[in-house]
Amino acid sequence: MSSDPATNVPALRCSQLRKSYGKVIAVDGIDLEIPRGSSFGLLGPNGAGKTTTVEMFIGLQRQDAGELEVLGQRWGQGSDDAMRARLGVQLQETQLADKLTVEETVRLFRSFYTRGMDAAEAVAAVELTDKRSARVNSLSGGQKQRLALAVALVGDPDVLFLDEPTTGLDPQARRMIWDLLDGMRSRGRTIFLTTHYMDEAERLCERVAIVDHGRVIAEGSPEELVRSLDADQVVELHVRDLLDEDKLTAVPGVRSVKRRDHVYRLRVAELAQTLPGLLATLQEEQVDIQSLSTHEPTLEDVFVGLTGRGLRDG
Amino acid sequence: MAEPKRKHPLLELTKARMLEFVREPEALFWVFAFPVLLALALGVAFRERPEQRPHIAVLEGDDGVGLVDPLSSSHAVDVSVMPEPEARRALRTGKVDAIVRLQKPGGVAKEGVTFIYDASRPEGRAGKTTAEDALQRALGRPDVAAVEEETVTQPGARYIDFLIPGLIGLNLMGSGMWGLGFTVVQARNRKLLKRLAATPMKRWHYLLSFMLSRLFFLVLEVGALVAFGWLVFGVRVTGSWLGLALVSVLGGITFAGLGLLVAARPRSVEVVSGWMNFVMLPMWLMSGSFFSYERFPAAMHPFIRALPLTALNDALRAIMNDGLPLWAVWQPVAVMAAWAVVSFVAALKLFRWQ
């Protein structure tokens with residue numbers, strides 16, 4: 001895919017990356033190394049510094065401190081256009097020109113790249129062929145996002161940056177984008193995506209870094225991160241009145257308890273052994289249970305475990 | 001490996017600009033239909049009327065005593081007989097230009113007449129002079145010198161001749177500034193500029209594409225007004241067509257540069273609209289599109305002539321109306337070129353991509 005001789009150079013690398021806007025620290029010392037051909041996800045709540053990190057990687061912002069390399073090269077050293085030519089970008093909130101059609105838009109972006117695919121090919125790759133003559137303002141949210149993807153792909157990039165690719169889309173449109181991204185992953189492209197949906201990160205990324213307040217608080221494959229919870233199951237307990245957390249921790253088999261509002265999240269080793277004891281305790285305490293559910297641990301649980309907050313709490 | 005075909009980015013960008021423009025019906029109206037309608041309305045309102053005779057009122061009671069007949073027989077004035085209050089009202093509203101009254105009620109004209117008119121109105125003075133002249137002759141005053149008249153209508157001296165170049169200038173300013181400013185700021189507001197900045201697109205290609213699409217539409221804009229003026233009002237281009245074309249192109253470039261400068265930083269359409277009006281309003285009023293800037297105090301003229309629209313209007317009129325060659329308008333051309341260069345350089349320096 002790449003003509004770069006130094007193929008052992010990582011696709012993306014940064015160390016001690018920092019960026020502030022006035023007094024607000026957006027990125028506070030991030031280190032990342034993303035090998036070629038892998039798919040990497042930056043997972044975190046809104047305002048965690050994900051977009052700022054992406055914008056520094058694609059050369060739209062300069063870091064205040066730290067090092068940053070894209071395919072072994074740095075921004076501002078005279079090869080910016082050559083670097084841009086190898087990156088495909090889908091930015092959050094970009095609205096493409098309303099009055100142009102799908103095909104005109106893709107063809108316009110195609111003209112900026114010396115190599116790449118045919119406009120029609122890129123339109124077909126995101127399954128918009130039957131909409132190719134439609135104006136951008138007549139597209140649905142999911143179709144607009146697929147067009148943004150086509151525009152990101154048309155230069156046949158080595159690295160594809162996707163900033164919140166499915167935010168605001170309905171489940172069906174999200175699944176369609178995921179399927180498209182699955183296909184792109186299999187072609188050996190490096191994918192760097194940001195998201196605050198843990199299911200998206202679990203589905204699309206080989207490796208994930210969880211960021212909060214501009215720092216990486218955990219990194220690994222989704223499986224590793226979930227395994228680090230040291231829990232087989234998670235019990236979510238929604239109650240009307242709060243109760244003594246120690247009573248829950250004292251139930252045999254409960255590893256830890258976290259509370260958000262009226263919801264307790266219990267990490268448990270063996271569900272079958274823990275549940276009877278838990279129910280007995282709840283009965284004893286005369287707890288008014290709104291709901292009780294159990295699930296396999298997810299990245300969301302990892303985030304809650306690390307921060308005590310939910311991913312969507314911001 | 002066969003590379004898929006791609007067009008030059010400048011070509012694609014220019015094409016995109018033009019498609020976006022023609023798919024905006026409102027923009028088409030303001031650029032093409034509005035100036036023509038304005039020219040039509042103003043051309044009709046200020047059309048050349050057939051020579052009008054002064055309208056003189058004779059008071060009721062003074063008629064039939066040697067006042068109406070001498071005045072009417074001269075065919076130099078129109079005479080109406082009316083009661084005094086009505087005559088005074090007609091004078092005030094401009095329906096009659098002067099009132100003539102016998103000094104002695106019930107007397108005759110030879111015993112003396114009084115003219116009542118507004119000396120600050122040219123029509124009043126003309127009416128009084130013409131009516132007096134007719135009366136004196138009818139009563140026997142001899143003409144001393146033999147007088148011959150030779151009346152002419154100077155081509156290019158009508159209001160519509162003055163107006164059409166002014167409207168061309170105004171339109172080049174409006175479409176250049178709005179066309180660029182609005183589109184650029186909207187693209188910035190929609191984060192499209194940021195997205196483009198993340199591609200290897202050459203940034204000057206983007207800015208140049210606005211110029212190129214402007215130049216294309218400029219031919220149509222100027223053409224529409226010149227053709228309209230010629231077909232409907234017989235406004236002629238007395239100078240060279242090449243001169244007109246070059247001055248128009250320079251005007252288009254100047255205002256595109258100014259539009260780019262105004263749009264270089266604002267993030268919202270509201271803000272850029274405010275700046276656009278702030279920049280354009282003084283030129284609307286002072287640059288002599290609708291009336292000559294000679295009406296402003298002479299001390300202001302150097303400032304007014306330094307405005308780009310004044311320079312464009314002056315150059316267009318010199319070529320269209322006065323038939324002057326291009327070299328004779330080097331001063332306004334230099335003023336425009338200076339504006340174009342300065343605003344372009346400043347816009348490129350200040351331009352905000354995100």
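Which strands of chain B does helix α5 (residues 122–138) lie across? Helix α5 of chain B lies across β1, β3 and β4 of chain B, and it runs at about 40° to β3(B). Angles here go from 0 to 180 degrees between N-to-C directions, with axes being lines fitted to C-alpha atoms, for helices over the stretch in contact. Helices (H or I, at least four residues) and strands (E, at least two) are DSSP runs, numbered from the N terminus.

Before going on, a word on what you're looking at. This is a predicted model, where local features need pLDDT of at least 70 and side-chain atom pairs count only at pLDDT 80 or more, while totals for chains, interfaces and linings use all residues. Residues are numbered from 1 along each chain as its sequence is written, and chains are lettered from A and ligands numbered from 1 in the order in which they are written.

Now for the sheet in chain B. Its four strands form an open sheet in the order β2-β1-β3-β4, with mixed pairing (two strands pair if DSSP finds at least two bridges between them). At the edges sit β2 (78–82) and β4 (113–116) of chain B, each pairing on one side only. From one strand to the next, the twist averages 30°. Helix α4 (residues 84–92) of chain B packs on this sheet, touching β1, β2, β3 and β4 of chain B, and its direction makes about 160° with that of β1(B). Inside the sheet, β1 (residues 55–59) and β3 (residues 98–102) of chain B pair in the parallel sense over three bridges. Ile56(B) stands opposite Ala98(B) in β3(B).

Next, see where the two chains meet. Here 25 residues of chain A are in contact with 24 residues of chain B, contact meaning that the C-beta atoms, placed from the backbone, lie within 7 Å. On the chain A side, α2 (80–84) and α3 each supply at least two residues, and α3(A) gives the largest share, five residues.

Over in chain A, the domain assignment (automatic or from a database) gives domain 1 (12–226) and domain 2 (230–296). Their C-alpha centres lie 39 Å apart.

Finally, take a look at a loop residue of chain A. Glu93(A), in the loop between β5 (87–90) and α3 (102–110), has a phi near 70°, a positive value in a residue other than glycine.

Notes. Two residues are in contact if their C-beta atoms, placed from the backbone, lie within 7 Å.
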